[in-house]
Amino acid sequence: MKSTKKSPEPRPDKSQTLLRQLATVPAKLFSGAFRQQYGALCFRYSNGGPQVEILVVTSRESGRWIIPKGWPMKGKKPFEAAAIEAWEEAGVRGAVRRKPVGYYTYLKELENGDVAPCIVDVFQLEVTEVSAAFKEQGQRVLEWVSPDEAARRIREIELKSLLVQFEAHGRKKRDRG
């Protein structure tokens, strides 16, 4: 007996669409047109112990797992912009490193439908405050996971690599000896 339930329509893979779009204008990839963004790799120590948890959030449009990130902000240094994005997108604050721990690249679909290759400088942020009320509350899902689980969820290969090789550079590590 056949089920009368309709199987859900497969969700189109937006990354394929973006890649096809870029394939028609390869000069965009090699014209120095990379746009700069700043991201916050937010972490905390679970239960006050040595185990680290990473904060992952969903993007507003596609629902894929990412870290908080955004565009440069006038009058703000890159690490400050990353910290502001963490607050707006995830409601977390803490001690942010002034130097990036790495970077990753990805393809950003812009509001006008164009695609822009982006490079994201990543700054570690040791979370000391979590708020239930923040600018993009209700628009994203937030989860604290192990670095390995964060790497499994993230699509961008270079960011996966940063997560797999994660080493906390925060106050508590120094305090622990």
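Predicted model: local features only at pLDDT ≥ 70, side-chain atom pairs only at ≥ 80, totals over all residues.

User: Why is C42 called buried?

Analyst: Buried means under 20% relative accessible area. C42 has a relative accessible area of 0%, so C42 is buried.

User: And what makes C118 buried?

Analyst: The cut-off is under 20% here too. C118 has a relative accessible area of 0%, and therefore C118 counts as buried. For the protein overall, buried residues make up 38% of the 177 residues.

User: How many disulfides are there, and by what rule?

Analyst: A disulfide needs a pair of cysteine sulfur atoms within 2.5 Å. By that rule the count is zero.

User: What makes strand β2 "mostly covered"?

Analyst: Strand β2 spans residues 52–58, and six of its seven residues are buried, with buried again meaning under 20% relative accessible area.

User: How do you know that β1 and β2 pair?

Analyst: Two strands pair if DSSP finds at least two bridges between them. Three bridges join β1 (residues 35–45) to β2, so the two strands pair, and they run antiparallel. In this pairing R44 stands opposite E53 in β2. The two strands form a hairpin with six residues between them, and N47 in the turn has a positive phi of about 50°.

User: What makes β2 and β3 a pair?

Analyst: The cut-off is at least two bridges. β2 and β3 (residues 65–66) have two bridges, so they meet it, in the antiparallel sense. The bridge partner of V57 is I66 in β3. Their hairpin also has six residues between the strands, and there G63 takes a positive phi near 75°.

User: And how do you know that β2 pairs with β8?

Analyst: Four bridges join β2 to β8 (residues 142–145), and at least two are needed, so these strands pair as well. They run antiparallel, and V56 stands opposite E143 in β8.

User: What share of the contacts joins residues at least 24 apart in sequence?

Analyst: Among contacts between residues at least 6 apart, 71% join residues at least 24 apart. A contact here means heavy atoms within 4.5 Å.

User: Lastly, how much of the accessible surface belongs to carbon and sulfur atoms?

Analyst: The accessible surface comes to about 10,900 Å², and 51% of it belongs to carbon and sulfur atoms.

Methods
Residues numbered from 1 in each chain as written. Heavy atoms only, no water. Buried < 20%, exposed > 50% of the residue type's maximum accessible area, 1.4 Å probe, protein only. Areas by Shrake-Rupley, 256 points an atom, 1.4 Å probe, with all protein chains shown as cover.
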